[in-house]
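Here are some questions on a helix and its aromatic neighbours. Each answer works through to a value or a name.

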Amino acid sequence: RSMANDESRDVRKVSLINLQVDETTLPHLLVRTREMDSEIRMLVYRKLTKEKIPLANLKLCEIYKVVYDGLYAREQGVKDACVKYLKGNYEMFADKDEAVEEENEEEEEEATGRGRRRSKKGSGKDKKDVYQKTKLDILRFMKIFQLEKTLIHPHLYDLMDVVVQHLVHDIIPPEEMQAYLREFIRVECKQNSMSKLEPEEVFFFRSLCTYIQNNPKEFGDLISIIDDNFLSLAEFSKVLEKNMRNKDLLYVYQLLLIADMTLNLDETGRQSLVSVLKSFCLDLDNHLVLDLTDLHGFDDDEYNDIFPKKTEEEIVLQQYSASFFDTPIVQNTNDLIPICIGTLRKLLDDSNNAFTNFVLETISEIKETIERDVDDNRNELLSQKDKFQKQIELVEEELRQMDEEASGKKKGNKKLDLNKAEKEKKKLESDKKNYMKKIDEINEQINRTTIRCLYIACSLLQTCRISLSDPGNF
């Protein structure tokens with residue numbers, strides 16, 4: 001109570017320092033990340049670090065609140081204390097792995113009856129060992145944040161980019177980062193075509209590449225590793241094509257962003273990328289959707305102002321009210337279409353006029369092909385819909401007649417077998433339900449096609465350049 005309510009800054013400070021952290025007091029400690037006094041806020045993060053409070057033990061909304069309040073604080077001291085807390089959480093995984101490794105070594109020594117000189121931390125490990133350890137530590141750490149939830153919370157998605165920046169700049173040792181990046185490209189990108197990665201790993205790699213490219217003077221060594229070892233654009237286009245149908249939404253989203261960063265390569269690779277992006281836009285069957293079931297199932301205390309509760313209507317409203325320059329809300333494949341069209345649009349800046357014309361023709365083909373397919377498919381789908389609707393009407397008429405017969409409303413009816421009539425009625429109701437389900441599926445197909453066309457048309461309008469001399473040209 002003194003920590004929260006006492007008017008004296010010194011009393012609040014002493015109360016915080018002497019606080020015994022447990023399940024009861026921890027929520028009250030976390031509230032102090034909004035303390036007016038910056039020194040007390042700094043002490044909160046130092047307390048969390050000293051007590052070794054795992055982020056994974058907090059509610060998701062508390063995790064984001066603690067990290068958001070710390071990394072976005074105005075005072076550098078608070079930011080540094082928050083980074084140190086994050087570093088402690090990252091190193092918890094490494095400490096556990098080393099403890100298990102030492103325990104296994106002791107058991108092996110006891111079993112063989114021979115002592116073995118134990119190496120110091122980090123010595124005797126080859127590059128592969130360092131890579132595997134760093135890869136596992138990064139994945140475990142990133143898993144804490146449940147990144148797929150950030151797709152409907154753009155400010156948290158941006159926050160995770162900041163977290164990755166601090167991982168690279170302040171937490172992971174430079175030699176480990178270099179070994180990780182070199183082996184990641186060699187093993188995961190080239191050998192495995194990025195098909196064995198978790199979405200969190202792809203997010204980390206994309207965010208890492210963005211960060212070091214924006215800071216070339218500071219991360220020249222890492223940029224050289226990427227420039228010397230990363231896939232050609234043609235090779236990466238094959239990776240994108242292979243994975244964009246078989247992975248989840250966050251995974252594909254990050255791959256498209258990586259593609260957007262690799263445009264300064266050869267023309268052949270650009271043509272391959274254009275082909276893949278066009279296929280992605282035209283593929284109406286590839287409809288990835290963000291699963292919000294567990295998110296909507298949270299209790300009210302699982303939310304706060306940093307991780308707010310959102311209804312589907314609120315999410316849609318925020319999507320349409322957002323600026324073109326804002327980080328987008330991504331709920332399904334359609335929300336990735338602007339990224340594809342934006343990447344195609346960037347290809348127009350190439351100095352090769354022939355290639356520029358090729359891209360313009362490709363963008364036109366996207367719209368024309370979909371419109372042609374829409375006309376062909378719509379007539380067929382509407383025909384099926386009319387057929388099912390007529391069958392439903394027949395079923396409903398038969399059900400009405402059966403109800404009249406069962407109630408004895410029709411004159412001259414013989415005695416009815418009610419059990420038989422009831423069975424027939426259930427069968428007809430089941431048939432009606434199946435017909436309605438098929439109609440809903442047809443409506444969904446029609447709507448999906450129409451919406452895809454709208455997304456592409458809007459993306460084209462957002463990214464086109466209007467000629468001042470001839471407004472008809474873009």
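Helices here are DSSP runs of H or I, at least four residues, numbered from the N terminus. The model is predicted.

Q: How far apart are the end C-alpha atoms of helix 9, and what span should its 18 residues have?
A: At 1.5 Å a residue, helix 9 should span 26 Å. The end C-alpha atoms agree with that, being 24 Å apart.

Q: Where does helix 9 bend?
A: The bend of helix 9 is about 30°. The residue there has 0% relative accessibility, so Phe-184 counts as buried. Helix 9 bends at Phe-184.

Q: What kind of pair do the rings of Tyr-180 and Phe-184 form?
A: A search of the whole structure finds 15 aromatic pairs. In this one, the ring centres of Tyr-180 and Phe-184 are 5.6 Å apart and the planes lie at 40°. Planes under 30 degrees apart would count as stacked, over 60 as edge-to-face. The pair of Tyr-180 and Phe-184 is therefore tilted.

Q: Why are Tyr-180 and Phe-184 separated by about one helical turn?
A: Both residues lie in helix 9. Tyr-180 and Phe-184 are about one turn apart because their separation is four residues.

Q: Is Tyr-180 buried or exposed?
A: The cut-off for buried is under 20% relative accessible area. Tyr-180 has 1%, so Tyr-180 is buried.

Definitions and conventions:
Residues are numbered from 1 along each chain as its sequence is written. This is a predicted model: local features need pLDDT of at least 70, side-chain atom pairs count only at pLDDT 80 or more; totals for chains, interfaces and linings use all residues. Side-chain values use heavy atoms; hydrogens and water are left out. Helices (H or I, at least four residues) and strands (E, at least two) are DSSP runs, numbered from the N terminus. The expected span of a helix is 1.5 Å times one less than its number of residues. The bend at a residue is the angle between axes fitted to the seven residues ending there and the seven starting there. Rings of Phe, Tyr and Trp (its six-membered ring) pair if their centres lie within 6.5 Å; planes under 30 degrees apart count as stacked, over 60 as edge-to-face and the rest as tilted. Buried means under 20% relative accessible area, exposed over 50%, partly exposed in between (1.4 Å probe, protein chains only).
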